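Subject: Structure handover

Dear colleague,

Here is the structure I promised to pass on. My notes follow below it.

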Amino acid sequence: SKGGIVDTAISAVTNTPFAPLHREYTMLDRDPPQGRQQRKKLPAWSFRKEICKLVDTHQVVVVCGETGCGKTTQVPQFLLDLNEGNGEDVSIVVTQPRRISAISVADRVAFERRDKIGNTVGYQIRNEKKSSSNTRLLFCTIGVILRRLQVDATLSDLTHIVVDEIHERGV
């Protein structure tokens with residue numbers, strides 16, 4: 001442990017240490033494609049490599065920042081960009097505290113990626129789902145995750161789970 005950060009995390013599922021990933025982060029140096037330059041203006045943009053490295057080497061990462069800094073819309077996209085940029089299959093779920101926020105954030109992220117909702121970026125709430133077999137980033141309510149846990153206790157089909165607005169949770 002250095003400076004309060006655990007060097008080796010143990011998987012709760014396999015009870016073995018996580019192997020550090022040795023991969024290239026330089027793809028995160030690239031500017032966003034034309035039309036997506038507004039992403040660079042958010043404070044989270046300057047931390048994209050650090051956030052991705054921490055996620056790669058730790059089982060749990062807590063990201064704190066001011067309202068509007070890009071935590072909700074950018075961090076999931078950093079993970080998606082990094083994994084897709086390295087040719088890795090990725091399935092990211094981002095929980096939101098309310099149905100309306102799951103829908104609106106998914107719409108915003110799909111717009112930023114110049115994609116149609118339900119393609120790479122989708123959402124799922126109680127009785128409504130806009131996703132496809134191409135969806136790699138799914139915004140949903142905590143109830144959706146709890147129902148998935150009943151079927152698959154390890155959520156084995158997911159590579160990342162982002163719990164947004166954790167301070168608003170009562171579960």
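I start with one residue. Q124 is buried, at a relative accessible area of 19%. Buried means under 20% relative accessible area, exposed over 50%, and partly exposed in between, with a 1.4 Å probe and protein chains only. Q124 sits in strand β2. Leaving out residues up to four places away in sequence, Q124 touches K129, L138, F139, C140, T141 and V144. Contact here means heavy atoms within 4.5 Å.

Some ground rules. This is a predicted model, so local features need pLDDT of at least 70 and side-chain atom pairs count only at pLDDT 80 or more, while totals for chains, interfaces and linings use all residues. Residues are numbered from 1 along each chain as its sequence is written, and side-chain values use heavy atoms, with hydrogens and water left out.

Overall layout

The chain has four helices and five strands. Along the sequence they follow the pattern α-α-β-α-β-β-β-α-β. Helices (H or I, at least four residues) and strands (E, at least two) are DSSP runs, numbered from the N terminus. Of the 171 residues, 38% count as buried. Take the contacts between residues at least 6 apart in sequence: 62% of them join residues at least 24 apart.

The sheet

The five strands form an open sheet in the order β3-β2-β4-β1-β5. Pairing is mixed. Two strands pair if DSSP finds at least two bridges between them. The edges are β3 (128–130) and β5 (160–163). Each has a single partner strand, so one side of each is left without a neighbour in the sheet. Neighbouring strands are turned by 20° against each other on average, direction ignored. Axes are lines fitted to C-alpha atoms, for helices over the stretch in contact; angles run from 0 to 180 degrees between N-to-C directions.

β1 (residues 92–96) pairs with β5 in the parallel sense, over four bridges. I92 has H160 as its bridge partner in β5. T95 stands opposite V163. Side chains alternate along β5.

Helix α3 (residues 99–112) lies across β1, β2 (121–125), β3 and β4 (137–141). Its direction is about 170° to β2. Helix α4 (residues 142–151) lies across β1, β2 and β4, at about 100° to β4.

Helix α1 (residues 48–57) has R48, I51, C52 and D56 as its buried residues. Seen down the axis of α1, they fall within an arc of 135°, so they line one face of the helix. The arc is that of the directions from the helix axis to the C-beta atoms. The cover over these buried residues includes α2 (71–85).

Cores

What makes up the largest nonpolar core? It has 24 residues. Those with the most contacts inside it are F78, I92, V94, V109, V121, L137 and F139. A nonpolar core is a set of buried Ala, Val, Leu, Ile, Met, Phe, Trp, Tyr and Cys residues joined through side-chain atoms within 4.5 Å. α1, α2, β1, α3, β2 and β4 each supply at least two residues of this core. The largest share, six residues, comes from α3.

One aromatic pair

The count of aromatic pairs comes to one. Rings of Phe, Tyr and Trp (its six-membered ring) pair if their centres lie within 6.5 Å; planes under 30 degrees apart count as stacked, over 60 as edge-to-face and the rest as tilted. The ring centres of W45 and F78 are 6.1 Å apart and their planes stand at 70°, so the pair is edge-to-face. W45 lies in the segment before α1 and F78 in helix α2, so the pair ties together parts 33 residues apart in sequence. Both W45 and F78 are buried.

Two positive phi values

Most residues other than glycine have a negative phi. R114 has a positive phi of about 55° although it is not a glycine. R114 is in the loop between α3 and β2, and is partly exposed, at 47% relative accessible area. L155 also has a positive phi, near 50°. L155 is in the loop between α4 and β5. L155 is buried, at 8%.

Best wishes
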